[in-house]
Amino acid sequence: MMQNNDTKLADRLNYSQVESVIHNFYIKLMAHPQLGRFFEGLDNFQEHEQRITEFWWMSMGGKLKNPPQIDMIGKHFPLGIQASDLETWLVLFGETLGEELPDAESREWMHKALTIAARLKQVVIEHQAPGLQIGEPQ
Ligand code: HEM
């Protein structure tokens with residue numbers, strides 16, 4: 001779903017806006033009674049927040065000198081995330097986007113988050129094979 005003359009999100013947002021969204025999202029996550037506990041064990045929280053920011057910047061088509069090696073499945077699998085956790089995560093993420101960004105960019109970023117979350121749900125919660133794509137006939 002491309003908008004605004006098909007320019008990628010990284011052309012319409014600054015890196016610092018992405019940083020700000022993630023920072024404010026993590027304030028909500030950490031304070032949340034259902035989700036805060038997942039992040040308590042991180043030994044370098046600054047580094048985690050930076051990796052998340054870089055992950056999103058790359059996913060928007062942004063460029064980085066040293067892109068992070070992201071292991072979505074490997075990192076989330078051991079956490080024991082439930083479907084209700086993922087739903088809350090998405091609510092908080094959508095809330096943060098709405099507070100921080102104009103509507104078009106907020107919606108487009110949320111669309112990306114929903115796509116990734118759906119894949120994460122299939123693999124990490126429903127234990128389907130990682131190669132299986134969303135919408136593929138079973
Ligand atoms: C209930 C929902 C979620 C919880 C509790 C959660 C929790 C975590 C935690 C604790 C880590 C750090 C793991 C580690 O470094 O050992 C992590 C990493 C990460 N998460 Fe999530 N996560 C959730 C959903 C999502 C979703 C929906 C996305 C993206 C749309 C996402 C993106 C990432 C990324 C990019 C990393 C970095 C992976 C890496 O360092 O290689 N997470 N998550």
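How many residues surround the ligand, and which are the closest? In this predicted model, 22 residues surround the ligand, and the closest are Phe-38, Phe-55, Asp-85, Trp-89 and Ile-116. The protein has seven helices and zero strands.

**Overall form**

- Read along the sequence, the elements of the protein give the pattern α-α-α-α-α-α-α.
- A compact globule of 138 residues would have a radius of gyration near 14 Å, and the 15 Å of the protein agrees with that value.
- The C-alpha trace spans about 40 × 40 × 30 Å along the principal axes of the protein.

- Helix 3 (36–40), helix 4 (45–59), helix 5 (72–76), helix 6 and helix 7 (103–125) are the elements that give two or more residues to the shell around the ligand.
- By class, the shell divides into 16 nonpolar, two polar and four charged residues.

**Helix 2 with helix 6**

- Helix 2 (residues 15–31) packs with helix 6 (residues 83–100) at an angle of about 135°, and their axes are 9 Å apart.
- Helix 2 and helix 6 are therefore oblique to each other, since the angle is about 135° and an angle must be over 145 degrees to count as roughly antiparallel.
- The crossing in which helix 2 passes helix 6 is right-handed.
- On the side of helix 2, the contact is made by Ser-20, Val-21, Asn-24, Phe-25, Lys-28 and Leu-29.
- On the side of helix 6, the residues of the contact are Leu-92, Phe-93, Thr-96, Leu-97 and Glu-100.
- Six nonpolar, three polar and two charged residues make up this contact of helix 2 with helix 6.

**Helix 2 with helix 4**

- The axes of helix 2 and helix 4 lie 9 Å apart, and the two helices pack at an angle of about 130°.
- Helix 2 and helix 4 are therefore oblique to each other.
- Helix 2 passes helix 4 in a crossing that is right-handed.
- Helix 2 brings Tyr-15, Val-18, Glu-19, Ile-22, His-23 and Tyr-26 to this contact, where they meet Glu-49, Ile-52, Thr-53, Trp-56 and Trp-57 of helix 4.
- The contact of helix 2 with helix 4 has seven nonpolar, two polar and two charged residues.

**Helix 6 with helix 7**

- Helix 6 and helix 7 cross at roughly 170°, and their axes come within 10 Å.
- Helix 6 and helix 7 are therefore roughly antiparallel to each other, because angles over 145 degrees are counted in that class.
- The crossing of these two helices, helix 6 and helix 7, is right-handed.
- From helix 6, the contact draws on Ala-83, Leu-86, Leu-90, Phe-93, Gly-94, Leu-97 and Gly-98.
- From helix 7, the contact draws on Ser-106, Trp-109, Met-110, Ala-113, Leu-114, Ala-117, Lys-121 and Ile-125.
- By class, the residues of the contact of helix 6 with helix 7 are eleven nonpolar, three polar and one charged.
- Phe-93 and Leu-97 of helix 6 take part in the contact with helix 7, and Phe-93 and Leu-97 also belong to the contact of helix 6 with helix 2.

Technical notes:
Residues are numbered from 1 along each chain as its sequence is written. This is a predicted model: local features need pLDDT of at least 70, side-chain atom pairs count only at pLDDT 80 or more; totals for chains, interfaces and linings use all residues. Axes are lines fitted to C-alpha atoms, for helices over the stretch in contact, and angles run from 0 to 180 degrees between N-to-C directions. Helices (H or I, at least four residues) and strands (E, at least two) are DSSP runs, numbered from the N terminus. Angles under 35 degrees count as roughly parallel, over 145 as roughly antiparallel, 65 to 115 as roughly perpendicular and the rest as oblique. A crossing is left-handed if the near helix is turned anticlockwise from the far one by less than a right angle, and right-handed if clockwise. Two residues are in contact if their C-beta atoms, placed from the backbone, lie within 7 Å. Ala, Val, Leu, Ile, Met, Phe, Trp, Tyr, Cys and Pro count as nonpolar, Asp, Glu, Lys and Arg as charged, and the others, Gly among them, as polar. A residue is near a molecule or strand if its C-beta atom, placed from the backbone, lies within 6 Å of it. The radius of gyration is taken over C-alpha atoms; the globule rule is 2.2 Å times the number of residues to the power 0.38.
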